[in-house]
Amino acid sequence: MGEYILIFLVGAAVCSALIPACRSLALRMGAVARVRSRDVHVESTPYLGGIAMFVGVGAAFLMASRMPFLSSYRSITSDSLVILGAAAVICAVGVIDDIFDLNAMMKVAGQILAAGVLVLGGVRMQWLPWRNGVLALDPATGIVITVFMVFLCANAINIIDGLDGLAAGIVAISASAFFVYAFWLTTDQSLAKATTAAFVTAAICGVCVGYLPYNFHPARIFMGDSGAMLLGLLFAASTISLTGQIDPNTLDNQPGFFIVAYIPMVLPIVALGLPFLDMFVAYTRRTWQGVWWFVADKQHLHHRLLQRGHSHLGAVMMMYGWTALLAYSALFLGLFPSWLTLAILCAAIAATLAFVIFTGRKTVLPTAERTPVEQRTP
């Protein structure tokens, strides 16, 4: 555990230390989030927080390669280089978008390119849990699923990044649950394949925690697409490196309780359940309205919470709570598999949903006023 804690601390410290420099760089280069009608922020805010996140991840990966335990696995060194290379590609695409505002198709092309780096480096889907064993995937299918996972995670986190502190907090909570499960598989189940997911999620948690003090409401910097797509790729890579590597029979402590066999695949999806749900609803809504799926609007989940009368901070904290409930529900189900656990968790989720539906009052979001970014306090 000590090595993972150090990875977390290095990622947090490096990311936090570089944020002021990234903010200054964004102001000089004009990489600034101007106030638009669909935005919630009321002052122009600099982007490029993703650069600090990337350097923090790189420092954490470098630290992992020097650790006695982690460096003993050759897969850790090779996987970290591949994942870092893919992260560099997608972060660079995000930086270009933060500065020049790329169109949606060019960003998708960048995501596919980054996924291609993962595939060429051997980090791709090879198996899926299936009944009482695993289902081997042919190379073409594995590549398609890998690319789809990167696209899904990158865009889901990008969409949820609509309130100060929201995306980084949700990703940190989700990654922490995934880390606990991967660490348990490494130590309790002696599954070396889980080490990659464990140290990647530890690094994700670190950079998010290092970034949050500068992004919490009112934000002094945004992660931009460079950060959102980076976090999405890292989460996808940790999922890909773990999913399908585990024989379900070694985890099923309750005969007939088939759900446990799918926890390695279900946990990361459930952990990011809110971003995935928001993205699915947004794409469906826009398609139904006859517009392209990438045309932005102001009808996301966080917008609806504000419209129901919740404060900016209240909406963020509520979504943190939902994420923790979903992520740790799936985690507990994996660690303590039983029908009783499943029933309790379903009841807790239902009660939380009912509380949200019947609380809050509808209100009208205020129109954002433009404020020059130079007037913000550093």
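In the largest nonpolar core, which has 104 residues, Tyr-181, Phe-199, Ile-204, Leu-231 and Leu-234 touch the most other members. A nonpolar core here is a set of buried Ala, Val, Leu, Ile, Met, Phe, Trp, Tyr and Cys residues joined through side-chain atoms within 4.5 Å; buried means under 20% relative accessible area, exposed over 50%, and partly exposed in between, using a 1.4 Å probe and protein chains only. Helix α6 (residues 166-187) gives the most to this core, namely 16 residues; helices are DSSP runs of H or I with at least four residues, numbered from the N terminus.

This is a predicted model, so local features need pLDDT of at least 70 and side-chain atom pairs count only at pLDDT 80 or more, while totals for chains, interfaces and linings use all residues. Residues are numbered from 1 along each chain as its sequence is written, and side-chain values use heavy atoms, without hydrogens and water.

Take Ile-204 as an example: leaving aside neighbours within four places in sequence, its contacts (heavy atoms within 4.5 Å) are Val-171, Ala-175, Leu-231, Leu-234 and Phe-235. A second, separate core has 9 residues, among them Ala-33, Tyr-47, Cys-91 and Ala-219.

Now for the charges. A salt bridge is a side-chain nitrogen of Lys or Arg within 4 Å of a carboxyl oxygen of Asp or Glu, and the count comes to 2. Asp-225 and Lys-107 form one, at 3.0 Å from N to O. Asp-225 belongs to helix α8 (residues 224-242) and Lys-107 to helix α4, so this pair ties together parts 118 residues apart in sequence. Lys-107 also forms a salt bridge with Asp-97, at 3.9 Å. Together, Asp-97, Lys-107 and Asp-225 are linked in a network of salt bridges.

Technical notes: Helices (H or I, at least four residues) and strands (E, at least two) are DSSP runs, numbered from the N terminus.
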